[in-house]
There are 2 protein chains.
Amino acid sequence: MRIKDIARLAGVSPATVSRVMNNNGYVKEEKREAVLKVIKDVDYQPNPIAQSLKNQKSQMLGVIVPKISTETASRVVAGVTEVARAHGYQVLIANTDLDIDEEINYLKFLSNKSVDGIIMMGTEVTDQHLAVMDKLIVPIVILGQKVKGYTSIVHNDYDASYTMTEYLVKQNHRDIAFIGVDEKDEAVGIVRKKAYLDCLNNYKIDVNDRLMAIGDFDIDTGYQMMQKILSYKTPTAVLAVTDHLAIGAIHALLDAGLDVPNDVSVVGIGDIKLAEYLNPPLTTVHYTFKTSGKMAAETVFELMKNPEKQGDTLMTTFELKTRASVRVL
Amino acid sequence: MRIKDIARLAGVSPATVSRVMNNNGYVKEEKREAVLKVIKDVDYQPNPIAQSLKNQKSQMLGVIVPKISTETASRVVAGVTEVARAHGYQVLIANTDLDIDEEINYLKFLSNKSVDGIIMMGTEVTDQHLAVMDKLIVPIVILGQKVKGYTSIVHNDYDASYTMTEYLVKQNHRDIAFIGVDEKDEAVGIVRKKAYLDCLNNYKIDVNDRLMAIGDFDIDTGYQMMQKILSYKTPTAVLAVTDHLAIGAIHALLDAGLDVPNDVSVVGIGDIKLAEYLNPPLTTVHYTFKTSGKMAAETVFELMKNPEKQGDTLMTTFELKTRASVRVL
DNA sequence: GACATAACTGAAATCGATTTCACATACACA
DNA sequence: TGTGTATGTGAAATCGATTTCAGTTATGTC
């Protein structure tokens, strides 16, 4: 069913049908009703692709995620889809599976008027990214990393990590181990570590390199890094920069015959869904990822109207979740 | 940059540029090179929307999910995107947030030649669904529920649940409580319960209604249902039809001063990522959701080539994961 | 050298909508 | 009764690609 068919059935021209559908221009009441009746009878829905071509907008938002199957990404996408739907938009998912080249390919592809706006959950933003982003004709919002000149929505990594560290200090911990990730990830790798270091310095606590370990994002890495630290010394507390790393650390401690939190306290960052159901329930920092997704989408719609507003950095809130994985010394 | 511009720059007609891009028809080697050079110089990428309109396919797959932020859904989507990418396809996410009306709206919208194939992760398939699905012109694959006349990919809910129950029986449990969900969800609500009942019957174990509770899908429900069962009697084992329900049950047991597994054994179904890191690690059934997503996508591509093949039911495998949450009596 | 066939090319039609433009009719006001 | 404005309508152009069709040139075969 094309608009031509509707026009024929209603005894009018395609132009009139279009006017009825889009509710603009003059249409005599009788004809309007005739058209609406036909539309209803045959359950006509206009071809969105033809509309996109003519209107020069696709009514689609592109979301580039490093790995859709993570809790963080899927919550962000949930937020984005919610806002998108409210604007009558669809969401196109570009799942890069942590492949940087794919990320750039998708940026190019999506930029190509195939979506009206892009939300990128970045881990690493390279010069290659910037080169492609510079040529983008649709607005883009970066989520999770701060990129100069582009609108970014960042989690308050510094304050979150600082608050978490400070919390341990205030529970009288002094031997606080650190399990982090590679510095390629600016927000998690660099910022969260800096906050840890700054906090220790502010409280005049010696920083001990051998109590610090760096690795990947997964639970296994948390386990191994914890083992590595234990082989040197048993700290009284451990700050892991993600909850998954914290889970790995807890298991390494348990396997080493230590009790959490009685022998060693452990905290994470992120507040994954199951954090409160772990044993012990994990003390961590709660980020509102779904809200970040909503913010990102709303900001993209903002930018679609006012492209010159590009460049702001918005910061999401966080909340300390104190649970049973920390002991007061 | 449109194809016309490329044509002008290369001194040929748009038709020739198209022939070069799509590698069909005759093009003299020199012209081909000239065109390719221009394409490369200006980094030309054809407008996918115009292509979709002309080619009558969008190179997009639509995925309707009840809730993208669940582990199951996001893993399925991960599988779908992987296969889609291999076929040069994009993935459109329709997140219904468990709203049945939205599900039907999306079906209508997507059917409208806006995607070339649909994958629906259904919970409940109503007559309204069927009415819309009947009119669909693009292939559809239903994931997680069996729907007559349509290609479905189902998890082997019956065998999984039966195997899980039988496992408990073989560990000499006889008082096996059951925590299920509403029957609106055919696969989880009906099939998994039937398997439990059949297994008990086959082993001549009396079924006790008061050891069975039905509710929603979340952890809290698991907690409450377990409390309800405990108020009647303390069973020796509990079968929860999802891992989340199992987690809720475990917490209710712990809060009631009972030990898992020494006082009560608990098993789930689904094997969420953290199942093995829970305390105790949860005995459950592992489903390959990402693989299901891949299968679904591959099947859709199959159906795009051979629409007459519609109607098959494919079953995914599962694997019993025996961990420490069960004790031998 | 004649004729068939292959190689090559671009103008124009097409996909399905929207919008401009030109034109027609109705209505108001002097 | 004329003139200006509001109302109403459809033919045709347009969005950016692909493809058919008709026509031209090159190549091969007898």
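Student: Where is S114(B) found?

Tutor: S114(B) sits in the loop between helix 6 (100-111) and strand 3 (117-121) of chain B. Helices (H or I, at least four residues) and strands (E, at least two) are DSSP runs, numbered from the N terminus. This is a predicted model: local features need pLDDT of at least 70, side-chain atom pairs count only at pLDDT 80 or more, and totals for chains, interfaces and linings use all residues. Residues are numbered from 1 along each chain as its sequence is written, chains are lettered from A and ligands numbered from 1 in the order in which they are written, and side-chain values use heavy atoms, with hydrogens and water left out.

Student: Is S114(B) buried or exposed, and how do you know?

Tutor: Buried means under 20% relative accessible area, exposed over 50%, and partly exposed in between (1.4 Å probe, protein chains only). S114(B) has 4%, so S114(B) is buried.

Student: Which residues does S114(B) touch?

Tutor: Leaving out residues up to four places away in sequence, S114(B) touches P48(A), I49(A), S58(B), M60(B) and F109(B). Touching here is contact, that is, heavy atoms within 4.5 Å.

Student: Why is A10(B) called buried?

Tutor: The relative accessible area of A10(B) is 15%, and therefore A10(B) counts as buried. A10(B) belongs to helix 1 (residues 3-10) of chain B. With residues up to four places away in sequence not counted, A10(B) touches A34(B), V35(B) and V38(B). From A10(B) to T126(B) there are 116 residues in sequence and 56 Å in space, C-alpha to C-alpha.

Student: What makes L98(A) buried or exposed?

Tutor: L98(A) is at 54% relative accessibility, so L98(A) counts as exposed. L98(A) lies in the loop between strand 2 (90-95) and helix 6 (100-111) of chain A. Phi of L98(A) is near 65°, a positive value in a residue other than glycine.

Student: What kind of peptide bond joins N279(A) and P280(A), and how do you know?

Tutor: The bond is cis, with omega about 0°. P280(A) lies in the loop between strand 9 and strand 10 (284-287) of chain A. A cis peptide bond also joins V260(B) and P261(B), where omega is about 10°. P261(B) is in the loop between helix 11 (243-255) and strand 9 (265-267) of chain B.

Student: What makes strand 7 and strand 9 of chain A edge strands?

Tutor: Four strands of chain A form an open sheet in the order 7-6-8-9, with parallel pairing. Strand 7 (212-215) and strand 9 (265-267) of chain A each pair on one side only, and these are the edge strands. The twist averages 15° from one strand to the next.

Student: How do you know that strand 6 pairs with strand 7 in chain A?

Tutor: Two strands pair if DSSP finds at least two bridges between them. Strand 6 (residues 176-181) and strand 7 of chain A are joined by four bridges and run parallel. One bridge has I179(A) paired with A213(A) in strand 7 of chain A.

Student: Which helices pack on the sheet?

Tutor: Helix 8 (residues 157-170) of chain A packs on the sheet, touching strand 6, strand 8 (237-240) and strand 9 of chain A, and its direction makes about 175° with that of strand 8 of chain A. Helix 10 (residues 219-232) of chain A also packs there, touching strand 6, strand 7 and strand 8 of chain A, at about 140° to strand 6 of chain A. Such angles run from 0 to 180 degrees between N-to-C directions, with axes fitted to C-alpha atoms, for helices over the stretch in contact.

Student: How does the radius of gyration of chain A stand against that of a compact globule?

Tutor: The radius is taken over C-alpha atoms, and the globule rule is 2.2 Å times the number of residues to the power 0.38. A compact globule of 329 residues would come near 20 Å, but chain A has 26 Å.

Student: Why are the two copies said to be related as by a two-fold rotation axis?

Tutor: Chain A can be laid on chain B with an RMSD of 0.1 Å by a turn of 180° and a shift of 0.0 Å along the axis. The copies are therefore related as by a two-fold rotation axis. In chain A, the C-alpha nearest the axis is that of L92(A), at 2.2 Å. The superposition is by least squares on the C-alpha atoms of residues with pLDDT of at least 70 in both copies.
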